[in-house]
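Please read it with the sequence and the structure side by side.

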Amino acid sequence: MKMSWQKDLLGLFYNTLVCAVIAAVVLDMALASSYGTSLKVALSIGYSIQLSYFVFDRFLYPNSSSHWVGLAKSIIGLLLGVAVGGIAIKGTPFFLFYYPAAPEVLIFSAIIAVFSAAFINTKVRLADQKQHILELEAKHLKQEAVTLEAEIHLLQAQIEPHFLFNTLSNIVSLIQTKPAVAEKSLVNLAQLLRFKLDRSRDKTHTLGDELWLLRAYLDLHSMRLGKRLSYHFLPIGIENDTFFTSLDIPPLLIQPMVENAIQHGIEPAVEGGDVSIMVSCGGNELLIQVIDTGIGLEAHSSSTLTNHSGIGLSNVRHRLQAIYAGRATMSIVENEPSGVIVKLALPMEDR
Amino acid sequence: MPTALVVDDEPNLVDYLVSKLEMLWPELEVTGTANSGLEAITLAQRLKPDIVFLDIQMPGLNGLRVAEQLPTGTKIIFVTAFDQYAVEAFKESAVDYLLKPVIDDRLLETIQRLKKQAPVARDELVALVKTLVPEKTPSLEWLRVGIDDTTELVQLQDVIYFKADLKYIDVVTLDKTYLIRQSLLELEPQLDPNQFWRISRGCIVRVDQIAQAKRDFRGRYDISLRNHDQILKCSQAFGHLFKKS
């Protein structure tokens, strides 16, 4: 029940407003000698009822929905108000009880005061319920985001079987002829598998870790594709190496972008191409661009049997939404003269 | 002496298979190697090899398509790292195949078979390829869309719904709304009717994004979405989409 005093203050404001109106009506009916007198009585009753409600709700019967309690707090508040009103205009608590116009004034103010109190009460209660629902919703959404993130993480942990078996075949083929390359590739593959299969989500993963993983990944592809693949890492305007080791990012976030560039850009291109990973930061944003000079989108698809193009990118999009809730963006544009650029902008403050 | 062509887009794997063949079948002469489908076809037409070892996933033209265009009478051995469907189909047919990494014993079996058997009939090969690579009508996969004066690309599978807005179409995705200068009428025929449903004159929605359709008393439906807060209206004329049968 935080911000409760704000609601009480709001109630007080409504109350004052209602009382001011009642006072004017009472004056108009010539039941009081002046607006001042009339307002004094109205406010006395209005505030007393609110006070009574406050004491009942906060201390005596919190969370009670009984009508008897409701009636009791209204009557006690009303009697108190009439007494206070008497003190306010004539200095005696019983003045209003034997004042000539007493019955009309009393009944009139009583009815409206009770209504106003009830109105305030429901309003506050509705606000409480609304806040409660909002809190529940937020909790639910958060849980959903966590599950979604876990699901997507699982998806990204999947290894494309075609890549895996081709890589293994390549390593086998090199054991006799180039044992050093075979050894290095096997180590690279082991590192990649470790990242992919490690499900511990609380471990920190820095930008440096991700780039290091990408190097191993691209190295494997370059062993497979030979001259058809070249790759570059381009840190722009980042002089300090601690930048990479101090910045945490979600694991395997960039890897699907690179996988996409190779699978749908370079591999389907007879001549192959280049993949560059550009990292820069501007303001509070980390900007990562995966730029390929591959086949692009036009000529795509006749060479692959299974048509699963870009599932990886869709997953990245969903994952960004789950983790950053709209504060991170991914956009895809065409490269000149061919190929695709995928741009990722991540907020840098809190991860 | 029999001759062979070895085709794979990964150079190491070509060298490896060639060396294995030299070891296990010394009488075979590998007269050429190729790294792409087109190269393979050109070489095969020139060298007329008896046997072609053919990788399936290759840039340009995949191995299955290459097989169709090889001279009749060529014996074809498909080589693949991982193609579930293809392998299942091969098992059902007389077509032989090898899995990567190539195992010596398995390669020996293939060699024995190659020495004895006649090439697979052309008709069977063509029929097999047809089942594995159906003639695809090129379907729309990417959209060129405008946002803030730039042109970006959006994958069709990321679109939640399209909404016509005067001369433009709003392309609504999980995180952004883009514009395309096209009419819904021009766009609709390019979409797969199993994936996208027209639900009113101005709106096309991705079917798997529909969470719920609530009918009102006038026979229209309120469509709520899985990943978006917007409630879409389905007009009476398209109500049949949601009618329980």
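This is a predicted model: local features need pLDDT of at least 70, side-chain atom pairs count only at pLDDT 80 or more; totals for chains, interfaces and linings use all residues.

Two residues are taken to be in contact when their C-beta atoms, placed from the backbone, lie within 7 Å. By that criterion, and leaving aside residues up to four places away in sequence, A:Met257 touches A:Val290, A:Leu313, A:Val316, A:Val342 and A:Leu344.

**Nonpolar cores**

- The largest nonpolar core holds 64 residues, and those that touch the most other members are A:Met257, A:Val258, A:Val275, A:Val290, A:Val342, B:Tyr161 and B:Val205.
- The element that gives the most to this core is α8(A), which supplies 8 residues.

**The contact between chains A and B**

- Chain A brings 33 residues to the contact, and chain B brings 29 residues.
- On the side of chain A that touches chain B, two or more residues come from each of α6 (161-177), α8 (207-225), α11 (311-324) and β4 (329-334) of chain A.
- The largest share of that side is the 10 residues that come from α6(A).
- Sorted by class, the side of chain A that touches chain B consists of 14 nonpolar, 15 polar and 4 charged residues.

**The helix pair α6(A) and α1(B)**

- Two packed helices are described by the angle between their axes and by the distance between the axes.
- Here the axis of α6(A) and that of helix α1 (residues 11-24) of chain B come within 9 Å, and they cross at roughly 55 degrees.
- The crossing of α6(A) and α1(B) is left-handed.
- The residues that make this contact are A:Ser169, A:Asn170, A:Ser173 and A:Leu174 on α6(A), together with B:Asn12, B:Leu13, B:Asp15 and B:Tyr16 on α1(B).
- By class, the contact of α6(A) with α1(B) has 3 nonpolar, 4 polar and 1 charged residues.

**A:Leu287 in chain A**

- A:Leu287 belongs to strand β3 (residues 285-292) of chain A, and it is partly exposed, with 15 other C-beta atoms within 10 Å.
- Although A:Leu287 and A:Leu344 are 57 residues apart in sequence, their C-alpha atoms are 5.7 Å apart in space.
- Not counting residues up to four places away in sequence, A:Leu287 touches A:Ser280, A:Cys281, A:Gly282, A:Lys343 and A:Ala345.

**Chain B and B:Asp222**

- Chain B contains 7 helices and 15 strands, and buried residues make up 32% of its 245 residues.
- Of the contacts in chain B with a separation of 6 or more, 50% are between residues 24 or more positions apart.
- B:Asp222 is placed in strand β14 (residues 221-225) of chain B, and this residue counts as partly exposed because it has 13 C-beta neighbours inside 10 Å.
- The C-alpha atoms of B:Asp222 and B:Cys234 are separated by 6.3 Å, with the two residues 12 residues apart along the chain.
- Leaving out residues up to four places away in sequence, B:Asp222 touches B:Lys214, B:Asp216, B:Ile231 and B:Lys233.

Notes. Residues are numbered from 1 along each chain as its sequence is written. Chains are lettered from A and ligands numbered from 1 in the order in which they are written. Helices (H or I, at least four residues) and strands (E, at least two) are DSSP runs, numbered from the N terminus. Ala, Val, Leu, Ile, Met, Phe, Trp, Tyr, Cys and Pro count as nonpolar, Asp, Glu, Lys and Arg as charged, and the others, Gly among them, as polar. A nonpolar core is a set of buried Ala, Val, Leu, Ile, Met, Phe, Trp, Tyr and Cys residues joined through C-beta atoms within 7 Å. A residue is buried if 20 or more other C-beta atoms lie within 10 Å of its own, exposed if 12 or fewer, and partly exposed in between; C-beta atoms are placed from the backbone. Axes are lines fitted to C-alpha atoms, for helices over the stretch in contact, and angles run from 0 to 180 degrees between N-to-C directions. A crossing is left-handed if the near helix is turned anticlockwise from the far one by less than a right angle, and right-handed if clockwise.
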